[in-house]
Amino acid sequence: CIDLFFDEKYSIEPSWECRFDHIEIRDGPFGFSPIIGRYCGQESPAYVRSSGRYLYVKFVVDGELEAIGFSARYNFTQGKQELSKFLGKSNRTPKS
């Protein structure tokens, strides 16, 4: 499995149904694999997990409006490994 985590600094042009700028994530190696989600706006998505060895990620921009964008991290896991072990180890500093 592949776990994909988006960082807190996340901003992609918001639009209804994410028609313009967006991140499209699919469960598999192809653009026609089952869709996990299409993301845009100001709130970063929760983590995404593939069901197997492949995760298709496509970033689409139309060049009209700009935002800060996004950054993401990924991990490879074997099967249904406990995600809570990874999420419990946070290196984020508290906001003041």
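This is a predicted model: local features need pLDDT of at least 70, side-chain atom pairs count only at pLDDT 80 or more; totals for chains, interfaces and linings use all residues.

Modeller: One term before we start.

Colleague: Fine. How many helices and strands does the chain have?
Modeller: The chain has 1 helix and 6 strands. From the N terminus on, the order is β-β-β-β-β-β-α.

Colleague: Where does Ser33 sit?
Modeller: Ser33 is in the loop between β2 and β3.

Colleague: Is Ser33 buried or exposed?
Modeller: Buried. Its relative accessible area is 8%, and the cut-off for buried is under 20%.

Colleague: What does Ser33 touch, leaving out residues up to four places away in sequence?
Modeller: Ser33 touches Arg26, Asp27 and Gly28 on that count.

Colleague: Switching topic. How many disulfides are there?
Modeller: The count is 1 disulfide. Cys18 is joined to Cys40, with an S to S distance of 2.2 Å.

Colleague: Which hand does the disulfide have?
Modeller: The torsion about the S-S bond of Cys18 and Cys40 is about -80°, so the disulfide is left-handed.

Colleague: And what does the pair tie together?
Modeller: Cys18 lies in the loop between β1 (2-6) and β2 (22-26). Cys40 lies in the loop between β3 (35-39) and β4 (48-49). The pair therefore ties together parts that are 22 residues apart in sequence.

Colleague: Are Cys18 and Cys40 buried or exposed?
Modeller: Both Cys18 and Cys40 are buried. Cys1 is buried too, with a relative accessible area of 18%.

Colleague: Now β1. How many residues of β1 are buried?
Modeller: 5 of the 5 residues of β1 are buried, so β1 is largely enclosed by the rest of the structure.

Colleague: Which way do the residues of β1 point?
Modeller: Ile2, Leu4 and Phe6 point one way, and Asp3 and Phe5 point the other way. All of them are buried.

Colleague: So what about Asp3?
Modeller: Asp3 goes with Phe5, on the side away from Ile2, Leu4 and Phe6, and Asp3 is buried.

Colleague: What joins β1 to β6?
Modeller: 5 bridges join β1 to β6 (residues 72-76), and the two strands run antiparallel. Phe6 has Ala72 as its bridge partner in β6.

Colleague: And how many bridges join β1 to β4?
Modeller: 2 bridges, again antiparallel. In β4, Val48 is the bridge partner of Leu4.

Colleague: Which residues make up the largest nonpolar core?
Modeller: It has 12 residues in all: Ile2, Leu4, Phe6, Tyr10, Ile12, Cys18, Ile23, Ile25, Tyr39, Cys40, Val48 and Leu55. β1 and β2 are the elements that give two or more residues to this core. β1 gives the most, with 3 residues.

Colleague: What does Ile12 touch, sequence neighbours up to four places away aside?
Modeller: The contacts of Ile12 include Ile23, Tyr39, Cys40, Phe59 and Phe70. Asp21, His22 and Gln42 are also among them.

Colleague: Last bit, the whole chain. What share of the residues is buried?
Modeller: Buried residues make up 32% of the 96 residues in the chain. The accessible surface comes to about 7,100 Å², and 53% of that belongs to carbon and sulfur atoms.

Colleague: And what share of the contacts joins residues at least 24 apart?
Modeller: 73%, among contacts between residues at least 6 apart in sequence.

How values were computed
Residues are numbered from 1 along each chain as its sequence is written. Side-chain values use heavy atoms; hydrogens and water are left out. A disulfide is a pair of cysteine sulfur atoms within 2.5 Å. Helices (H or I, at least four residues) and strands (E, at least two) are DSSP runs, numbered from the N terminus. Buried means under 20% relative accessible area, exposed over 50%, partly exposed in between (1.4 Å probe, protein chains only). Two strands pair if DSSP finds at least two bridges between them. Contact means heavy atoms within 4.5 Å. Accessible areas come from the Shrake-Rupley method with a 1.4 Å probe; for residues, only the protein chains shown count as cover. A nonpolar core is a set of buried Ala, Val, Leu, Ile, Met, Phe, Trp, Tyr and Cys residues joined through side-chain atoms within 4.5 Å.
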